[in-house]
Amino acid sequence: MTTLLEMREISKTFPGVRALDNVTFSVEDGEIHALVGENGAGKSTLMKVLSGIYPQGEYGGEIIFDGATMAFSGISDSERHGIIIIHQELALVPLLSIAENLFLGNECATNGVISWRETFQRTEGLLRKVGLREAPQTLVDKLGVGKQQLVEIAKALSKEVRLLILDEPTAALSESDSQALLDLILELKAQGVTSIIISHKLNEVRRVADTITVLRDGATVATHNARTEKVTEDRIVRDMVGRSIENRYPERDRHAGEMLLEVENWTVTHPEHADRLSVRDVSFNVRAGEVVGIAGLMGAGRTELAMSLFGQSYGRNATGTVRVRGETVDISTVGRAIKAGLAYVTEDRKALGLILDETIHKNITLANLAEVSRRGVLNSHAETRVAEKYRQAMNIRTPSVFQRVVNLSGGNQQKVVLSKWLFAGPEVLILDEPTRGIDVGAKLEIYNIINDLSRQGKGVVMISSEMPELLGLCDRIYVMNEGALVGELAAKDASQERIMSLIVTE
Amino acid sequence: MTETTSSETDHAGGKRLLSYLGAHMREYGLLIALIAIMLCFQIVTDGTLLRPVNITNLFLQNSYIIIMALGMLIVIVGGNIDLSVGSVMGFVGALAAVMIVEWNVPVSVTVLTCLFAGIVIGAAQGYWVAYWNIPSFIVTLAGMLVFRGASLWLLEGQSVGPFPQSFQMLSTGFVADLIPPLGDAISAVTGDKRVNGLAMLVGLVSVGTIIWSGLRVRAQNKAYGIEDEPTSFFVARNVIVAGAILFLVYKLSTFRGLPNVLITMGVLTLIYAFITERTTLGRRIYALGGNRKAAKLSGIATERLTFFTFVNMGFLAALAGLIFAARLNTATPKAGFALELDVIAAVFIGGASMSGGVGKIVGAVVGAFIMGVMNNGMSIMGIGIDYQQVIKGLVLLAAVIFDVYNKQKQG
C-alpha cells in the first residue's frame with residue numbers, strides 16, 4: 001500500500017495554548033483511519049489544518065498529499081484536491097431539496113442556467129450509491145438526521161473525493177442508522193475511497209478502522225494497526241486519558257425506595273399531524289434512588305415522551321395521569337412541572353439547555369430564581385455562592401463562575417445544565433442523552449453525578465442511544481419503539497441483544 | 001532584588017489594566033465618546049453647547065427619546081423590536097390635544113386616559129407577538145401605519161393647540177427652589193447672580209450616592225473574591241462622572257433650576273436600571289432574549305414576558321407623547337414622525353444586540369444623549385438637516401462595527 005497523506009511535525013498555537021505539538025500523522029491509500037482522543041486533544045484542529053481552514057502559514061510543519069507537498073489556502077483549495085470534510089454540525093440548507101443541496105456551489109449549469117434534468121439524474125445516481133431511497137426533490141428539512149448524514153456523504157461523492165474526513169458522523173444517529181453509516185463507509189472503502197473517521201464510540205472505531213491513531217494533549221501518543229494486532233477498547237481508553245479507567249461504569253448500591261413518579265396511559269398527538277400519535281399509551285414509574293433507562297432507536301418517541309411530560313413542551317392533546325409521591329400533579333406548563341418536582345435535561349444543550357452568551361452563574365440559577373431573590377429582587381451574592389457551590393461539587397473546570405458558558409467544553413457545559421436542574425431541587429430528573437458528544441473522562445464524571453443523585457434518593461430517568469451506557473448504569477430499562485413501550489427489563493436480565501430483539505420483533 | 005520584583009508587579013499590573021480595559025472597552029468607550037463629542041461641539045460652537053440655557057434645552061429636547069429608549073431597550077433585549085413608537089407617541093399627543101382643547105376634559109383625567117391608551121396599544125400589539133408568534137417587525141410596522149393614520153384622523157389633518165398652562169408644566173415646568181439659602185451661599189462663593197439651591201442639593205446628593213454605592217459594591221465584591229475594576233479606573237470613572245454631574249447641575253442651577261422632565265427621566269432611568277439589573281423580572285427578560293427556547297424550558301413564562309415588554313413600551317411611548325405635545329404646546333399630525341428610528345439607534349449605539357439578550361439601560365441613555373448632543377450641536381453650527389442625517393447614520397454604523405470588532409477580537 002502507498003501512503004496517501006502524510007502530515008509531518010504539525011504544530012499550531014493559539015494565544016496561550018499549544019493545540020498541536022509536532023503531530024505526525026499518516027494515512028495509507030484505501031484504508032479507514034480512526035482518529036480518537038478526548039475533547040480538546042487536538043483532533044479537530046488537526047483536521048482543520050489538513051482541510052485548509054487554518055491556511056498555510058498559520059501552522060508549522062508539512063502536509064504531503066499524494067506525493068506532493070501541499071500549501072492549502074482555504075477549504076475550497078483542499079476540496080479541489082479531493083480532501084472533503086464532513087463536520088459534526090451538518091452544512092445543509094434545510095429548505096432546499098436534496099438535489100439542490102448536493103450541487104450547491106457546484107451546480108450542473110451552463111452560463112448560470114441550471115439543467116434540472118441532469119441535476120436529478122446525477123442525484124439519483126449518488127443517492128443509490130449511499131443507499132438512500134428518497135426523491136431528489138425532497139426537502140432536506142423532511143429527512144431525519146441519519147438520512148441527512150447520508151446526503152452529506154453523497155455530496156462529498158459528487159466532488160470526486162480522494163480522502164473523506166468524517167467528524168463524529170454517528171454522534172447524532174441511532175444504533176441502526178449508525179450501523180448503516182458504518183456499512184456505507186466500508187462499502188466506499190471497497191470502492192477505493194480513503195476515510196479518516198473521528199469518533200468517541202470505540203466499538204464503532206474497532207469495527208471499521210484499519211488503523212487507529214490516538215491524540216492526547218495535542219500530541220500523537222499511539223498508532224495501532226488494527227488489522228495485525230488486537231486492540232482492546234481498554235487499551236485505547238488508556239492511551240486517550242493517559243491512565244487506565246478501571247471501571248467505565250462506576251458501581252453504586254442499588255436499592256429502590258418509595259414510589260416517586262408514576263405515569264399512566266400517557267398519550268400525545270403529533271404537533272402538526274392531528275391524526276398521528278407521537279406517544280402511545282405509555283405507563284412507567286420511577287422509585288427513589290432508582291436509575292431507569294429508556295432505550296430505543298432515534299425517533300422512537302423518547303424525547304417526545306420526556307418533553308410532553310415536562311410542561312407539555314412537545315405535542316398537543318396530552319392525556320393520561322402523572323403522580324408524584326402518589327399524588328396526581330398538574331404538569332401543563334414548565335413552571336408547574338418544576339413545582340411538581342420534575343426536571344428535564346435536554347438532549348440539545350446548546351439550543352435548548354443553555355443561554356450560551358450568559359455567564360455560568362446566571363445559567364445555574366435560572367430555573368430557581370426564587371431561591372436567590374427576595375420579593376423579586378436578586379441577591380447577587382447568594383447567586384455567586386450557589387454557583388461556586390456547584391462549580392466545586394460538579395468539578396466544572398473554569399477560572400470563575402463569571403465566565404460565559406460558550407467558552408466551556410461540552411462536558412463542562414453539560415455540568416452547568418445539570419447544576420441548573422439540581423439547584424431547582426427536583427424529585428425526578430429526566431436526562432436526555434446526557435453524555436452525547438462528551439469525552440470519556442467527562443462521561444465518567446457525569447456517571448458519578450448520576451450515582452450521587454441516586455444515593456440522595458432522587459429518581460433518574462435516563463434516555464440514551466448508547467446501550468452499553470444504559471446497561472452499565474440503570475436498574476431497569478424500558479424499551480420504546482414507535483411511540484409505545486414494548487418492554488421492560490431488569491438490569492440483570494438486560495443485554496444489547498435482548499433490547500434490540502424487543503425493538504425488532506414488535 | 002526588590003527592584004526587579006516591584007518592576008515585575010508593575011508590569012503585571014499594567015497588563016491587567018490593559019486586559020481589563022480590553023474586556024470592558026464598550027462601556028468606557030461609550031462614556032469617552034460622549035465626553036469627546038461634547039468637548040468637540042463645545043469648541044466648534046464657541047461655548048454655546050454648554051451654556052446653561054442650552055443644557056436645559058438639551059434635556060427638554062431629548063427627554064422623550066430617552067424615555068422611549070428605556071422601553072425600547074427592554075423590548076430589544078427581549079429579542080423583539082417596536083417600530084410603532086413614533087406613531088404611538090404622535091397619536092397619544094393628538095388624543096391629549098383633542099380631549100383637552102376640543103372636549104374640555106380636565107388635564108389630570110386626560111393624562112391618565114392617555115397613559116391607559118398607551119398601555120392598551122402596547123397590549124394590542126404585544127398580544128400578536130407574544131401569543132401568536134407573529135414577528136414583532138411586522139406587527140409594529142402595521143402599528144406604525146395604523147397609528148400614523150389614526151392621529152391624522154383624530155386631528156383631521158390640522159394642528160390642535162394651545163394647551164393650558166398646567167399641561168405644559170409636564171415638559172417646560174421647573175421644580176421650585178425649596179432651599180434658596182444653599183443657592184445663596186454658593187452664589188456668594190462663585191459670584192453668579194443666582195443659584196438654585198435645590199438643584200445643587202440634588203446634584204450633591206446624587207454624586208454622594210453614586211460614590212457611596214460604588215464603594216459598597218467594591219467592598220462586597222472584595223469580600224466575595226469577585227474580580228473588580230482596577231482602583232485607578234474606579235477613581236477615574238467616578239471623578240469624571242461626579243465632575244460631569246456637578247458641572248451640569250451647576251449650569252442648570254444658574255438658569256431656572258431642575259426641569260420637571262429631568263426629574264421624570266432620572267427617576268424612570270433609576271427604576272428601569274434597577275429592574276433590569278437587580279430583579280428576577282429583569283433577569284428573565286435577558287434570558288428570554290438570550291435563548292427563548294432554553295428560557296421556556298427553564299420554567300419562564302416567555303409569552304407573558306414578551307407581552308409585558310410591549311405593554312411597558314406602550315406606556316412609555318404614551319408618556320413621551322404627552323411630554324412632546326406639552327413641549328410643542330400643540331399636537332400636529334407630523335409629531336413623532338420617524339422618531340422610532342432615533343430611539344432604536346440610541347439603543348444600538350448604547351451596545352444592545354439585534355439578536356436580543358444583551359444591552360444596558362445606562363448604555364441606552366448614554367446612546368440617546370450621544371444622538372441628542374449631535375443633533376443639538378450640529379443645529380447650533382448650522383449644519384443642514386441633510387448632512388445631519390448622513391452623519392447620524394454613519395455614527396450608528398461606526399458604533400455597531402466597533403461592537404462587533406471588539407467581540408471578534410476577544411474571541
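**Domains, a sheet and a helix**

In this predicted model, chain A is divided into domain 1 (3-241), domain 2 (259-341 + 426-505) and domain 3 (355-424).

Me: What distance lies between the C-alpha centres of domain 1 of chain A and domain 3 of chain A?
Reply: The two centres are 36 Å apart.

Me: What makes strand E18 and strand E24 of chain A edge strands?
Reply: The open sheet has 6 strands in the order E18-E21-E22-E15-E23-E24, with mixed pairing. Strand E18 (342-345) and strand E24 (484-490) each pair on one side only. From one strand to the next, the twist averages 20°.

Me: Why are E21 and E22 of chain A said to pair?
Reply: Pairing needs at least two bridges. Strand E21 (residues 428-432) and strand E22 (residues 459-463) of chain A have 5 bridges, in the parallel sense, so they count as paired. A:Val428 stands opposite A:Gly459 in E22(A).

Me: Which strands of chain A does helix H15 touch?
Reply: Helix H15 (residues 440-455) packs on the sheet and touches E15 (291-296), E21 and E22 of chain A. Its direction makes about 145° with that of E22(A).

Me: How do you know what span to expect for helix H14 of chain B?
Reply: At 1.5 Å a residue, the 27 residues of this helix (residues 302-328) should span 39 Å. The end C-alpha atoms of H14(B) are 39 Å apart, so the two values agree.

Me: Why is H14(B) called largely enclosed?
Reply: A residue is buried under 20% relative accessible area. In H14(B), 20 of the 27 residues are buried, so the helix is largely enclosed by the rest of the structure. B:Asn329 follows H14(B) and has a positive phi, near 60°.

Technical notes:
Residues are numbered from 1 along each chain as its sequence is written. Chains are lettered from A and ligands numbered from 1 in the order in which they are written. This is a predicted model: local features need pLDDT of at least 70, side-chain atom pairs count only at pLDDT 80 or more; totals for chains, interfaces and linings use all residues. Side-chain values use heavy atoms; hydrogens and water are left out. Domain bounds come from an automatic or database domain assignment. Helices (H or I, at least four residues) and strands (E, at least two) are DSSP runs, numbered from the N terminus. Axes are lines fitted to C-alpha atoms, for helices over the stretch in contact, and angles run from 0 to 180 degrees between N-to-C directions. Contact means heavy atoms within 4.5 Å. The expected span of a helix is 1.5 Å times one less than its number of residues. Buried means under 20% relative accessible area, exposed over 50%, partly exposed in between (1.4 Å probe, protein chains only).
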